[in-house]
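Let's take a walk through a protein model together, one stop at a time. Keep the picture open and turn it as you read.

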Amino acid sequence: MIAIYPGSFDPITLGHIDIIERGAKLFERVIVAVLSNPSKQPLFTVDRRLEQITKCTQHLDNVQVDSFVGLTVEYAKLHNAGVLLRGLRVLSDFEKELQMAHTNKTLNQELETVFLATNKEYSFLSSSTVKEIAQFGGAIDHLVSANIAQDLYQKYHKH
Ligand code: PNS
């Protein structure tokens, strides 16, 4: 079974990597799919995010990295994915995630959303939190991998 793991990944955190590593053990192949969303102003370009994720997942043979525009269900269909993988952190995620899962189900009956409970070590972690800490010069080495920490430092503190 092929699983897609869609998201913004702006940037990828250790929480995301944990989900990818565990997903890679459960599924034949995991496609990490970066949403290219024209209505959002990301910190990193899609190309940069693809490079970042590729570097962070290079130890995983059955993980692919790609980007997409449009509906996740369409992307899943195009790649014969039967599973849409998402991580669940805290209760506040649940409402949004359940709504997304239900919406996606109405769009594609064949696609199952599978939630993995995020490692409790990362239950508080989000890309936005990481960016905020990095912006104000706080330590982020325990939240993202070294290449991401370096990229964030370059963005915020080396102009
Ligand atoms: O990392 P994020 O921002 O929580 O990821 C959200 C994402 C990309 C999974 C979601 O916004 C999405 O699937 N967008 C694509 C558009 C779509 O399919 N919308 C209908 C489902 S709600």
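**One turn of a helix**

Arg 22 and Asp 18 sit 4 residues apart in helix H1, so about one helical turn separates them. Helices here are DSSP runs of H or I with at least four residues, strands are runs of E with at least two, and both are numbered from the N terminus. The side chains of Arg 22 and Asp 18 meet in a salt bridge, with N and O 2.9 Å apart. A salt bridge, by the way, is a side-chain nitrogen of Lys or Arg within 4 Å of a carboxyl oxygen of Asp or Glu.

Before we go on, a word on what you're looking at: this is a predicted model, where local features need pLDDT of at least 70, side-chain atom pairs count only at pLDDT 80 or more, and totals for chains, interfaces and linings use all residues. Residues are numbered from 1 along each chain as its sequence is written, and side-chain values use heavy atoms, with hydrogens and water left out.

How open to the outside are those two partners? Arg 22 is partly exposed at 29% relative accessibility, while Asp 18 is buried at 10%. Buried means under 20% relative accessible area, exposed means over 50%, and partly exposed is in between, using a 1.4 Å probe and protein chains only. You can find a second pair in Arg 89 and Asp 93, whose closest N and O atoms are 2.9 Å apart in a salt bridge. Arg 89 is partly exposed at 35%, and Asp 93 is buried with 11%.

How many salt bridges does the structure hold? There are 8. One of them joins the side chains of Arg 49 and Asp 10, at 4.0 Å from N to O. Arg 49 belongs to helix H2 (residues 46-56) and Asp 10 to the loop between strand E1 (2-7) and helix H1 (14-26), so this pair ties together parts that are 39 residues apart in sequence. Arg 49 is buried, with 4% relative accessibility, and Asp 10 is buried too, with 7%.

Most residues other than glycine have a negative phi, and most peptide bonds are trans. Now check the bond between Asp 10 and Pro 11: it is a cis peptide bond, with omega about 0°. Pro 11 has its place in the loop between E1 and H1. Phe 9 lies in the loop between E1 and H1 as well, and its phi is positive, near 50°, in a residue other than glycine. Phe 9 is buried, with a relative accessible area of 3%.

Where else does a positive phi turn up? Asn 80 has one of about 55°, although it is not a glycine. You'll find Asn 80 in the loop between helix H3 (72-78) and strand E4 (83-88).

Next, the surface. Leu 91, Phe 94 and Leu 98 make a nonpolar patch of about 300 Å². Patches are built from residues with over 30% relative accessible area and no salt bridge, joining like charges within 9 Å and nonpolar side chains (Val, Leu, Ile, Met, Phe, Trp, Tyr) within 5 Å. The accessible areas come from the Shrake-Rupley method with a 1.4 Å probe, and for residues only the protein chains shown count as cover. Leu 91 lies in helix H4 (residues 91-107) and is exposed, with 74% relative accessible area.

The axes of H5 (residues 127-135) and H6 (residues 146-157) come within 9 Å and cross at roughly 55°. That makes H5 oblique to H6; angles under 35 degrees count as roughly parallel, over 145 as roughly antiparallel, 65 to 115 as roughly perpendicular, and the rest as oblique. Axes are lines fitted to C-alpha atoms, for helices over the stretch in contact, and angles run from 0 to 180 degrees between N-to-C directions.

Finally, visit Val 69, in the loop between strand E3 (63-68) and H3. Val 69 is exposed, at 65%. Its C-alpha atom is separated by 8.6 Å from that of Pro 38, 31 residues away along the chain.
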